[in-house]
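Start by looking over the model.

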Amino acid sequence: MIPRYPHQSIASLNTLALSLGVSKSELSYLMTNSDDFFYIANEIKKPDGSLRITYDVKPKLKIIHERISNSFLKKVKYPSFLHGSLKGKDYLSNIKQHTNKKIVISEDASNFFPSITKKVIHEIWVGVFGFSNDVANCLATLVTLNGTLVQGAKPSSYLANLVLWKREANLFRELQLKGCEYTRYVDDITVSSNHNLSKNEIAYIVGKVYSMLKTIKVKPNRSKHQVMLNQNKQQVHKVNVNRKNPTLSKKVRSNIKSSVFECEKNHLHTSKSSEYKSLYNRSMGRVNNMKRMHPGEANKLIARLHQVKPN
């Protein structure tokens with residue numbers, strides 16, 4: 001359950017430069033000036049009023065980020081309990097681990113990416129990859145901005161999966177022995193059980209999760225803490241998990257149907273406009289997502305959308 005890099009470790013900056021397809025002087029320049037290559041791509045206001053800031057990277061460093069991802073981060077053998085931004089995994093694979101359970105505990109990390117420091121990233125390159133301190137320091141510098149991880153850069157999602165690498169494996173094993181399922185989807189942690197848990201057992205599990213986050217100086221978002229019993233509504237990523245198969249709520253499905261009806265209503269007069277194309281594509285995307293959980297219902301909506309394609 002510990003992430004594993006199955007290739008030879010890198011001990012020198014010369015070897016690192018060779019692996020990344022640049023000269024040592026180019027690598028040194030990028031390392032010295034890496035902060036200058038990041039820029040804000042988007043700012044989204046979250047429901048709690050705070051901002052989610054995503055970044056992009058200028059081409060020269062972006063190429064290196066892609067090589068870091070392809071040569072190192074994508075080669076890692078990731079544990080089964082991680083589901084964020086990994087091949088063959090997504091929010092739905094995470095959800096499916098927690099369906100039809102007696103109890104579901106949901107936790108969220110607060111301000112996750114900006115809380116992950118260069119020191120923690122350095123520890124990943126040494127601990128998971130076995131790279132030397134010089135190499136780890138260089139890579140940690142290249143993938144962080146002002147000493148912290150940022151959302152949006154190509155290596156960030158992979159590194160976010162690795163920040164708790166050894167601690168998380170230990171917690172997973174402990175919870176597994178207690179008959180509990182543990183998963184993490186980026187900054188969302190979910191624990192579920194096929195049997196009822198006492199208040200003391202719940203408090204113990206929550207305390208272990210919070211203590212684990214504290215080791216990397218990440219704070220839990222206590223306002224999103226949830227303990228959901230099977231006789232009440234249980235949701236993971238806003239998807240119902242009370243039964244064997246995950247389902248979207250009636251309200252969400254109704255909103256998707258309304259979106260399809262909106263396309264039908266506007267098609268005759270505005271089908272050539274960019275606004276209509278945007279509405280159509282957004283509606284089709286929502287229906288395709290719905291299809292993963294409600295194929296029969298969604299296929300009917302897809303057929304209706306095919307009748308009102310943009311001109």
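## Terms and model

A pocket is an open set of grid points where a 1.4 Å probe fits, with protein on both sides within 12 Å along at least five of seven lines; its lining residues have an atom within 4 Å of a point. The model shown is predicted.

## The second largest pocket

The second largest pocket holds about 250 Å³ of space. Its lining consists of Lys233, Asn240, Asn242, Arg243, Asn245, Thr247, Leu248, Ser249, Lys250 and Arg253. By type, that lining has 1 nonpolar, 5 polar and 4 charged residues.

## The largest pocket

The volume of the largest pocket is about 1,200 Å³. It is lined by 35 residues, and Arg52, Asp108, Asp187, Asp188 and Lys224 are the closest to its centre. The lining divides into 15 nonpolar, 11 polar and 9 charged residues.

Several elements each supply at least two lining residues, among them β2 (51–57), α5 (112–115), β7 and β9 (226–229). Strand β3 gives the most, with 5 residues.

## Helix α9

Helix α9 spans residues 165–177, 13 residues in total. From first C-alpha to last it reaches 19 Å, close to the expected 18 Å. Its buried residues include Trp165, Glu168, Ala169, Leu171, Phe172 and Leu175. These lie on the same side of α9, because they cover an arc of only 165 degrees around the axis.

What covers this buried side? The cover of the buried residues includes α6 (118–127), α8 (154–162), β6 (180–185), β7 (188–193) and α10 (199–214). Strand β7 also supplies at least two residues to the lining of the largest pocket. After α9 comes Gly179, with a positive phi near 80 degrees.

Notes:
Residues are numbered from 1 along each chain as its sequence is written. This is a predicted model: local features need pLDDT of at least 70, side-chain atom pairs count only at pLDDT 80 or more; totals for chains, interfaces and linings use all residues. Side-chain values use heavy atoms; hydrogens and water are left out. Helices (H or I, at least four residues) and strands (E, at least two) are DSSP runs, numbered from the N terminus. The expected span of a helix is 1.5 Å times one less than its number of residues. Buried means under 20% relative accessible area, exposed over 50%, partly exposed in between (1.4 Å probe, protein chains only). The arc is that of the directions from the helix axis to the C-beta atoms. Contact means heavy atoms within 4.5 Å. On a 1 Å grid over the protein atoms alone, a cavity is a set of points where a 1.4 Å probe fits but cannot get out, and a pocket is an open set with protein on both sides within 12 Å along at least five of seven lines; lining residues have an atom within 4 Å of a point. Grid points are joined across faces, edges and corners, and a volume is the space filled by probe spheres set on the points. Ala, Val, Leu, Ile, Met, Phe, Trp, Tyr, Cys and Pro count as nonpolar, Asp, Glu, Lys and Arg as charged, and the others, Gly among them, as polar.
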